[in-house]
Amino acid sequence: MGTVITVIALLFLLFVVFGAYATVKVIGAAKRGVDRTISQARRTVEDTTLRAKTYAQPGPQGELAQLRLTLRTSMRATQDALQAGVMEDESLKESLGLFERLSVHGHELDAELKRLEAEPDRDTLATRLPGLRERTQRITKSADSLRWAARDRAHRFAGDDLDSLSAQIDVEAGALRHWTKEPGPAASWPDAPGTDAGTSDGRTRPESRQPRAEDRPRPSAITPPGQRPTYPWQKKPRPESTT
């Protein structure tokens, strides 16, 4: 009886542990979903604010907002493209590692541009804008290069697969249409006996060599008698008299 109670207690404890683990996983997934939603909403609000500043604040502040918007848009597009492509192409892991190193410089530049938005000295901003513009162009150019290289690689693989598939389909279509091939030459019937028609290939049939009448040996009118055998009891023929 005590063994049964122990087994039941262990099973109950296992159920409690598994239930707590599943609850933690569900809560974690829900929290990540909420965080992702909040991050996307925050990015949308910031991008909308930067776009509004670009049109509403001319001068250095408006240009700073434009630089931030360009930087964020390029970096986000490259990140999404690489993270989506690495699941299908393992060779993009190295490109994703390079992008993470590039992101460090991008975050530093974005933070610096954000601090300068509150700078009241326009002359100082005008002095630093060329350097900030060059840094932004270098970072966005590198990010765009990684993104387009990943897309070109995916398109190339898709094009190669399409070419191979098209070749296989052409072969299969040709096999399915085997009845459309032109038939070979029809077999000709043999000529009827007694006709002088040529052979089916256009060559004349050689005439059979028949012996002509003048070429045949003529039989002699009188067959020469053969030499008859003589026997000892026969008399010798007497010579005829000449009288």
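**Group meeting talk: a pocket and the helices around it**

Hi everyone, let's start at the pocket: helix 2 (60-85) and helix 3 (92-116) each supply at least two residues of the lining of the largest pocket. Helices here are DSSP runs of H or I with at least four residues, and strands are E runs of at least two, numbered from the N terminus. A word on the source: this is a predicted model, where local features need pLDDT of at least 70, side-chain atom pairs count only at pLDDT 80 or more, and totals for chains, interfaces and linings use all residues. Residues are numbered from 1 along each chain as its sequence is written, and side-chain values use heavy atoms, with hydrogens and water left out.

Back to the pocket. Its volume is about 390 Å³. Of the 13 lining residues, Arg72, Met75, Arg76, Gln79 and His107 are the closest to the centre. A pocket, on a 1 Å grid over the protein atoms alone, is an open set of points where a 1.4 Å probe fits, with protein on both sides within 12 Å along at least five of seven lines; lining residues have an atom within 4 Å of a point. The volume is the space filled by probe spheres set on those points, which are joined across faces, edges and corners. Which helix gives the most to the lining? That is helix 2, with seven residues.

Now the whole protein. It has four helices and zero strands. Mean pLDDT (the predictor's confidence in each residue, from 0 to 100) is 75, and 68% of the residues reach 70 or more.

Buried means under 20% relative accessible area, exposed over 50%, and partly exposed in between, with a 1.4 Å probe and protein chains only. Of the 243 residues of the protein, 18% count as buried.

Last stop: Glu88, in the loop between helix 2 and helix 3. Is Glu88 buried or exposed? Glu88 counts as exposed, because its relative accessibility is 76%. Its C-alpha atom is separated by 9.2 Å from that of Ala154, 66 residues apart along the chain.
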